[in-house]
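Please look through the sequence and the model shown here before reading on.

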Amino acid sequence: MKITKIETIRVEEFPNICFVQIHTDEGFIGLGETYFGAEAVESWIHEMGANVLLGKNPLTIDKHWQDLVGFVGARSTGVENRGRSALDVALWDILGQVSNQPIYQLLGGATRDKIQAYNTCAGYQYTRKRPKHASLPVDNWNTEGEGPYEDLEGFLYRADELAESLIEEGFMGMKIWPFDPFAEASKGRFISMEDLKKGLEPFEKIRKRVGDKIEIMVEMHSLWDLRTAKQIAQALEDYRPFWYEDPIRMDNLDALRNFAQSTRVPTAASETLGTRWAFREVMEKQAADVIIFDPTWTGGISEAKKIITMAEAYQLPISTHDCVGPVSFAVDVHLSINAPNTLVQECVRAFYSTWYKELVTEVPLIKDGFVYPLAGPGLGTKLNPEVFTRPDTTIRESK
Ligand SMILES: [Mg+2]
């Protein structure tokens with residue numbers, strides 16, 4: 001079997017997503033995806049990725065992964081690695097279709113039938129636009145969505161009601177990021193006592209209304225310096241958060257360990273890290289208690305499996321990142337169902353109940369707070385045919 005064509009698909013309504021399809025001479029078509037900088041990733045896939053893959057056997061996945069490592073840009077979640085991640089996912093999808101098995105089966109099978117989920121409290125429109133600046137898009141906060149799951153507005157203004165609604169749907173936890181706007185104002189270097197108290201309000205409301213019936217994940221988006229991150233962590237401890245996620249930038253792992261040791265709340269890191277080499281350092285330094293990665297940023301399914309196994313060797317649980325696109329979410333669930341050390345699966349009810357379904361044929365089932373894997377071969381999902389005929393779709397091919 002040979003790879004005959006590589007095509008990227010972008011839809012202007014979802015400008016941060018880059019889909020990729022790998023075509024073969026036997027009719028199999030593998031689907032992949034990555035998020036952010038979609039046009040740059042598209043360019044890399046055609047300029048570099050296609051040169052490596054066209055005419056090759058799609059089933060030698062580890063070989064292709066190695067051949068796609070660039071001289072520069074190899075060890076991050078930058079454009080090169082996001083492009084490689086998307087291609088790797090598409091190759092696994094082909095392998096699954098050829099074997100007629102779901103990806104989780106090819107990874108070693110299910111270690112559980114379902115995985116407990118927490119809800120990331122984004123709204124329908126969160127990060128849907130092109131960010132106006134390069135750091136995490138606080139300017140891309142948008143609470144204009146209409147429907148029962150406008151959870152971004154929910155955690156900001158009525159966190160108690162939101163917690164009740166999530167408990168009712170069976171979720172074990174909720175992730176919120178009420179400190180982000182203050183980080184934007186000071187570039188993460190200072191938070192006033194007044195703002196700190198404002199940031200604590202949702203936690204206060206949640207614990208007052210529902211007690212300890214739900215876990216709270218605190219997302220800090222790597223926006224803070226070490227001193228301020230520790231100040232916020234300390235102020236939050238009494239509310240018994242489940243974890244502090246990405247408190248600082250992941251460019252000094254000794255500083256991350258310093259943070260982790262300063263608080264009794266577990267530290268989770270990091271979807272911003274790429275490849276096993278970055279995670280090796282996190283684990284060796286014991287800088288995080290929960291290993292979070294995004295398979296479509298860190299190097300694909302191949303790399304995620306290696307990171308999961310390394311984490312297991314360090315007695316560390318993993319949790320895969322969602323809040324991006326529908327293919328990434330499907331990949332997450334295949335990995336989470338297989339990994340023996342999965343703690344919990346992130347999902348976004350505002351996304352999977354609405355626009356994920358506009359883009360793909362199947363979305364993993366979430367029921368009573370648990371996620372179930374897709375059963376079909378490979379990813380178990382495909383792009384909806386309408387995606388290809390929309391007026392705002394851009395398709396580019398290399399063959
Ligand atoms: Mg995160």
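## Two domains

The centres of domain 1 and domain 2, taken over C-alpha atoms, are separated by 26 Å. Domain 1 covers residues 3-100 + 383-398 of the protein chain, and domain 2 covers 105-371, with bounds that come from an automatic or database domain assignment. To the contact between them, domain 1 gives 36 residues and domain 2 gives 36 residues, where contact means heavy atoms within 4.5 Å.

This is a predicted model, in which local features need pLDDT of at least 70 and side-chain atom pairs count only at pLDDT 80 or more, while totals for chains, interfaces and linings use all residues. Residues are numbered from 1 along each chain as its sequence is written, and side-chain values use heavy atoms, with hydrogens and water left out.

## An open sheet and its helices

Four strands make up an open sheet with antiparallel pairing, in the order β3-β2-β1-β14. Helices (H or I, at least four residues) and strands (E, at least two) are DSSP runs, numbered from the N terminus, and two strands pair if DSSP finds at least two bridges between them. At the edges are β3 (29-35) and β14 (393-398), each of which pairs on one side only. On average, neighbouring strands of this sheet are turned by 20 degrees against each other, direction ignored. Strand β1 (residues 3-11) is joined to the antiparallel β14 by six bridges, and I6 stands opposite S398 in β14.

Helix α1 (residues 38-53) packs on the sheet, where it touches β1, β2 (17-24), β3 and β14, and its direction makes about 180 degrees with that of β1. Helix α14 (residues 326-338), by contrast, lies across β2 and β3 and runs at about 105 degrees to β3. For these angles, axes are lines fitted to C-alpha atoms, for helices over the stretch in contact, and the values run from 0 to 180 degrees between N-to-C directions.

## A histidine in helix α1

H46 is found in helix α1, and with 6% relative accessibility H46 counts as buried. Buried means under 20% relative accessible area, exposed means over 50%, and partly exposed lies in between (1.4 Å probe, protein chains only). Leaving aside neighbours within four places in sequence, H46 is in contact with I6, E7, T8, R396, E397 and S398.

The side chain of H46 makes a polar contact with the side chain of T8 at 2.7 Å, and also reaches the backbone oxygen of R396 at 3.3 Å. A polar contact is a pair of N or O atoms within 3.5 Å; within protein, one must be able to donate a hydrogen and the other to accept it, and residues adjacent in sequence count only if both atoms are side-chain atoms.

## Strand β4

Strand β4 (residues 115-120) is mostly covered, since five of its six residues are buried. β4 pairs in the antiparallel sense with strand β13 (residues 370-371) over two bridges, and in the parallel sense with strand β11 (residues 345-347) over three bridges. Three bridges also join β4 to the parallel strand β5 (residues 173-176). Y118 stands opposite E346 in β11 and opposite G173 in β5.

A search of the whole structure finds zero disulfides. C121 is buried, with a relative accessible area of 0%, and C347 also counts as buried, at 0% relative accessibility.

Notes
A disulfide is a pair of cysteine sulfur atoms within 2.5 Å.
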